[in-house]
Amino acid sequence: MGLCVAGTVQAEPFRVATFAAPLSRDGPGLLLRDIQSGDATEIRAIQNIIARNRPDILVLTDFDYDLDGIALAAFADLFADPYPHMFALPSNAGLATGLDLNANGRLGEARDSQGYGRFAGDGGMAILSRFPILAEQVTDYSEVLWKDLPDAALPQLSGAPFLGVAAIDQLRLSSTGHWIVPIAVPGGPPISVMAFDATPPVFDGPEDMNGLRNRDELRLWEIVLEGGFGPAPDSFVIAGNANLDPKGGEGYRQAMADFLALASLQDPLPDLPTAHWPEDGPGDLRVSYVLPSRDWQIVAAGVFWPGPDDPDRALLGEDGLAAGPHRLVWVDISR
């Protein structure tokens with residue numbers, strides 16, 4: 001089953017997972033084509049990994065968005081153990097700004113969107129659930145402007161703002177989205193799933209725009225939990241791809257370490273990597289997280305990373321990358 005940590009067993013636990021599976025394509029409609037064809041090796045591997053781990057609530061952080069949710073519904077239909085409840089909102093990824101955000105003199109490129117994206121909805125987020133999603137109670141922070149985050153760290157170059165006034169007045173903080181999605185789980189009040197997918201803190205220049213934005217995308221959740229955007233959720237789980245390791249890789253690692261140390265959170269999988277890149281890449285890093293609030297009992301937790309002698313290893317392919325570099329991260333919780 002991969003890396004796993006067990007705790008005290010409680011009655012009727014349910015599993016929350018996140019998976020940065022590569023379910024984005026080069027253009028709109030192509031993901032649906034690949035799901036329906038049944039021929040895509042990558043999608044079959046992703047499907048098999050999810051089916052093997054059987055999460056009750058699954059946050060996908062690289063899933064192309066379409067307005068009618070057709071691709072998401074088609075993906076949910078792949079599973080024998082169904083996901084009757086689905087949720088997605090329009091993504092900031094690929095949402096055009098009409099501005100030259102990376103100051104390279106060209107307009108309309110992927111890096112000129114609210115979040116990196118070659119088309120609207122490229123690499124968005126989605127949630128699959130076996131329990132009812134209370135869509136009318138969702139809180140969406142995706143439209144919060146970066147400049148409006150308290151103590152926002154906007155990029156500078158040579159002591160001057162890197163972004164022009166027009167960009168600062170339009171650029172959102174979330175590169176993909178920040179959602180609080182209540183889900184009616186058994187045995188008590190709903191759980192608030194706090195889903196996000198932060199920009200990688202690389203692929204920029206000396207202004208460190210992506211590194212600073214990555215850190216502030218994490219800080220948004222800190223401010224929400226402190227009540228800075230209204231009443232904080234009481235019973236929650238943060239799930240998604242922070243694209244930040246507290247000990248390795250690029251980015252503001254201390255910001256991730258400080259976040260994991262928040263008194264309101266539990267970290268059931270300290271120090272376990274969640275992604276593997278080849279030797280010419282960054283290596284093994286912890287970038288995806290499932291972090292329950294303190295009121296939950298943690299029954300078990302794991303990263304699906306079967307060893308060489310584990311029969312489940314075949315799901316990852318010979319090179320371990322059949323479903324991409326990221327691993328599914330799960331936590332079993334109960335009240």
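Before we look at how two helices pack, a word on conventions: axes here are lines fitted to C-alpha atoms, for helices over the stretch in contact, and angles run from 0 to 180 degrees between N-to-C directions. Helices (H or I, at least four residues) and strands (E, at least two) are DSSP runs, numbered from the N terminus. What you have above is a predicted model, in which local features need pLDDT of at least 70 and side-chain atom pairs count only at pLDDT 80 or more, while totals for chains, interfaces and linings use all residues. Residues are numbered from 1 along each chain as its sequence is written, and side-chain values use heavy atoms, with hydrogens and water left out.

Let's start with the helix pair. Two packed helices are described by the angle between their axes and the distance between the axes. For helix α5 (residues 209-225) and helix α6 (residues 253-260), that angle is about 15° and the axes are 10 Å apart. Angles under 35 degrees count as roughly parallel, over 145 as roughly antiparallel, 65 to 115 as roughly perpendicular and the rest as oblique; α5 and α6 are therefore roughly parallel to each other. Their crossing is left-handed, meaning that the near helix is turned anticlockwise from the far one by less than a right angle.

Which residues make the contact? On the α5 side you'll find R215, L218, W221 and E222, and they meet A255, M256 and F259 in α6. Sorted by class, this contact has 5 nonpolar, no polar and 2 charged residues. Contact means heavy atoms within 4.5 Å. As for the classes, Ala, Val, Leu, Ile, Met, Phe, Trp, Tyr, Cys and Pro count as nonpolar, Asp, Glu, Lys and Arg as charged, and the others, Gly among them, as polar.

The expected span of a helix is 1.5 Å times one less than its number of residues. The 17 residues of α5 should therefore span 24 Å, and its end C-alpha atoms are 25 Å apart, which agrees. Buried means under 20% relative accessible area, exposed over 50%, and partly exposed in between (1.4 Å probe, protein chains only).

Next, some backbone angles. Most residues other than glycine have a negative phi. α5 is followed by G227, with a positive phi near 85°. D208, not a glycine, has a positive phi near 60°; it lies in the loop between β10 (191-197) and α5, and at 21% relative accessibility it counts as partly exposed. D271 isn't a glycine either, yet its phi is positive at about 75°. You'll find D271 in the loop between α6 and β12 (275-276), and its 54% relative accessibility makes it exposed.

Strand β10 deserves a stop too. S192 is found there and is buried, at 14% relative accessible area. Leaving out residues up to four places away in sequence, S192 touches I180, V181, P182, P233, S235, F236 and V237. A195 also lies in β10, and it is buried at 0% relative accessibility. With that same exclusion of residues up to four places away in sequence, the contacts of A195 include V59, M125, H178 and W221. W221 also takes part in the contact of α5 with α6.
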